[in-house]
Amino acid sequence: MSQNDPPDDSRTPSADGGERDGSELDDGVATDASGEDADELLEEIEKKRSLRGRAAILVAAVAITFSAFQMWIAARSFVYPRPMLDFALTGGFPPVSIDFALEQGTLQRLQVNVIHVTFALVLSFLVYPTSTGDGFVSRRLGRACDGVRDRFEDASPVARATERVRGAVRWAALDHDRRRITPVDAALVLVALLPATHMVTQFTDIRIARQRATFEVGASLPELYPVLEPIAIGPLADTSWAFIVGVIGILLVLEATRRALGMLLMGLIIAFLLYARFGFLIPRGVPGVGVFAITDLGWARIVRNLWYNTESGINGTIVSVSVRFIYIFILFGAFLEMSGAGRWFIDLAYSLTGTRRGGPAKASVVSSGFMGMISGSSVANTVTTGAFTIPLMKESGYTPEFSGAVESSVSSGGQILPPVMGAAAFLIVEFTGTPFRQVIVAAALPALAFFFGMWVMVHFEAVRRGVGGLDRSDLLDIRPHFKRGWFYLVPIGLLLYFLIIARLTINRSGWYTIIATIVLVAVVAAYDRRIRGPFVGALLALFAGTALTQYLAGTTLTGYLFGDGGAGLGLSAALSAAVGAIAVPFLVFAVAVMLARPDSESGLLDLDPAVDETAENIDETLGRDLATTRFGRFGTFLLKSMDSGARTATLVVVAVAAAGVIPGVISVSGLGPNLTRLIILASGESFLLLLVLAGISAIILGMGMPTTVMYIILISVLGNALGTFGVALLAAHLFVLYLGLMADVTPPVMVAAYAAAGVANSDPFETGKLAFMLSLNKILVPFAFVFAPGILLIKDWDTEAGELTLVGPADILDLGFFVPEVLIPVVGLFAGVYAMGVTIIGYRSTKVSQLERVLYAVAGVLLMVPALFLSPVGFTAGLAGLGVDVLTSTSELVARGLGAALLAALVVADRRRRAEQAGTETGPETDAPAAPDA
């Protein structure tokens, strides 16, 4: 099955009890993807292996080790315990004495970054196959072998030799079913260990080599490892080993990129590498082309700047962001998902909205937005959440295409929803220097506007089709459901507290939240209603004891018992310290309860089904009940979360490592300033035209690349040009991020829409077109906040310094500022989103004519982004010689007023039509009872 095709479907029951072909696209109930089918569809789209047995254990071990390494970095930074062994002859028995001690060692940033990338390389070679035999090269080679066999007799030596070669290549590299690790994969895994090994063991040599003018001259392989001198032939004998390892590292990143992200990104990276080496051949005197001419760099300088540089290149700033921020938040999302929070939030969303008109789709908007926030992947969220939401949308009366379009559109928007957002949000923090708490505050209103627009559109579609809500008896009761899972809200609340109130660093906030999640799951897993009183009493006693020891001796309960302590703290400080130190006592107590009562069950915790499935597989392999006990399930939860987080992060790490080549080449070649001037000239020095070009580029680039890669490329190319127009730096970066997310639902690639079509059993292209239409607000919203930064709650900014000030409580009382700069643009944004919802659906409470749809669109644009009308007017006036500044606060206010008046007139006209149609016979499209306004 190709990526572009929905899963093959057999004949399925129809709503009337008969049978129909699964390809029909009527409004009835169609085949729904089960959880297992959804997992298979996700593997098909992401092109991952589905391993079993020892291979699966190997991959899980590497993934868990990756997560453990990152958790150590989050907890202890770059400091690690280094074992020290001292051997001495005693002259007696035993003849040798061994002294063992642990000393503190420190890794350098470059070493940590290379280890981080190496883990991702190893996992990518284990998880993604070299080839499944259906690619362009494989097909051509297959035809060549067939041609040899047709030309010669089967018994001829040439034909037999060709078949042997074909068999050997298939054995070594091909993985048709994506179920085995090939010899090529194993060899690449071993080779991938070379750069990290060299970086850790020979860092002094690397420092010396980086300082040399000629990087190719340095310690060779036999000089560093004399035992390997027999194999040091050719370049290995006299070329710097640091240079060779750098070349190997770059080639490995290219191969991992090809496997995980496809040929498009790999080809783009190769193009930049070739440009860095041969760009000096471009003639400088040719107009338009000469701007791309660079100096002759040489491979040594390119390798040094791309592999051994912490500022730019593969192991540069972008990978540092992944080490410090991105991975830990992906891991937090994995812990939260494996704890069962995802399914609990989906059920909560259905309980809250399921009985409303179009309730299943509205529940999808809420639940998919949350899941997209913690998963960080549009496709993964579409498949996993869509397995629950899409069938219910179809059953309630939405078409399969619309159901899939809603799910894919909302899932792609999860990456802009605070507080977690996607990986690109952390890159924004690094590139702009904006604190993460300011980023999530600024992104809040635009994200809510997008999800409000989705809510409005599914409501109007429900009114148009007469789609009602689900029966309350089919849904969970809100109160019991909330009581069973309220604790899932605690990690989110703690994360917001750490980031916004306590103002901790990003990685420290993520680390503390992960620890809190682990302790919370342990306590809930140990909880049993039959021992509720003693259990809660013991927890309170532990907290009281910890607070008391902090008050008396300024130490933890464990430290106090072992004689540690000093001056006591005040009461308030002791309570605060107790809150921070209670994690370990709670965890130890919960584990002790689980071990003491292994067969009892928690009445609250409902872990993700993947955890239970893994636990059952472990017990089946071991032949005893171990992982399915209370403590076993908790341990499985920990390991599965670490495994899942590493697998999710691998794609991101490979993507950011590959994308680092682009800013690295721009930096080493000195192309940046010339490129900025060229972009400004190409836009005619028009800010609006530059934004349009940036938006189109974001959508096109994003079609074949992850959001993070698209963001890195565009900011590297367009970032300086956007800054020359004085726009707030944060607004410019969020603009690129928003428009890049459109790529997941933009034809012809639209991977999220294809995934939704597979789950919904709908036509992929029709689903993609609908998803694109439903996501149009993601295009207008960024234009709105670029021209009106008050929507981002930005009060003031300094583009050169990269500093900004957000709106505070005192600014709200300054009505002269708050009303025109914040309140009116925000109200206009939401009203414009409402108007665009009517435009896209073509229905409000009655059918909207084509002319009215155009008028709704005009009203929406005037309310959201009046500059889209005013800027062309000002440009035209300038061409006519009229020195009139059209784009002013007054003109924008007048334009928004016209938009509001037009929207009000259209709504009044629609209500009159509805009143006229009440009590009269209408067509099948409007025969459902009219619903109140959304």
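**Note on aromatic pairs and a nonpolar patch**

1. F329 and F426 are both buried. This is a predicted model. The two rings form a tilted aromatic pair, with 4.8 Å centre to centre and 45° between the planes. F329 lies in helix 13 (residues 317-338) and F426 in helix 18 (residues 423-432), so the pair ties together parts that are 97 residues apart in sequence.

2. F487 and Y488 are another tilted aromatic pair. Their centres are 4.6 Å apart, and the angle between the planes is 45°. Both F487 and Y488 are buried.

3. F487 and Y488 also belong to an aromatic cluster. For the model, the count of aromatic pairs comes to 28.

4. Now the surface. Which residues make the nonpolar surface patch of about 910 Å²? They are L548, Y551, L552, Y560, L561, F562, L571 and L575. Helix 23 (532-553), helix 24 (557-561) and helix 25 (571-581) are the elements that each give two or more residues to this patch. Helix 23 provides the largest share, 3 residues.

5. Y551, one of the patch residues, is found in helix 23. Is Y551 buried or partly exposed? Its relative accessibility is 42%, so Y551 counts as partly exposed. The cut-offs behind that call are under 20% for buried and over 50% for exposed. F329 and F426, by contrast, are buried.

Note on methods. Residues numbered from 1 in each chain as written. Predicted model: local features only at pLDDT ≥ 70, side-chain atom pairs only at ≥ 80, totals over all residues. Heavy atoms only, no water. Patch = residues over 30% accessible without salt bridge, like charges linked within 9 Å, V, L, I, M, F, W, Y side chains within 5 Å. Areas by Shrake-Rupley, 256 points an atom, 1.4 Å probe, with all protein chains shown as cover. Salt bridge = Lys/Arg side-chain N within 4 Å of Asp/Glu carboxyl O. Helix = DSSP H or I, 4+ residues; strand = E, 2+ residues; numbered from the N terminus. Buried < 20%, exposed > 50% of the residue type's maximum accessible area, 1.4 Å probe, protein only. Phe/Tyr/Trp six-rings, centres within 6.5 Å; stacked < 30°, edge-to-face > 60°.
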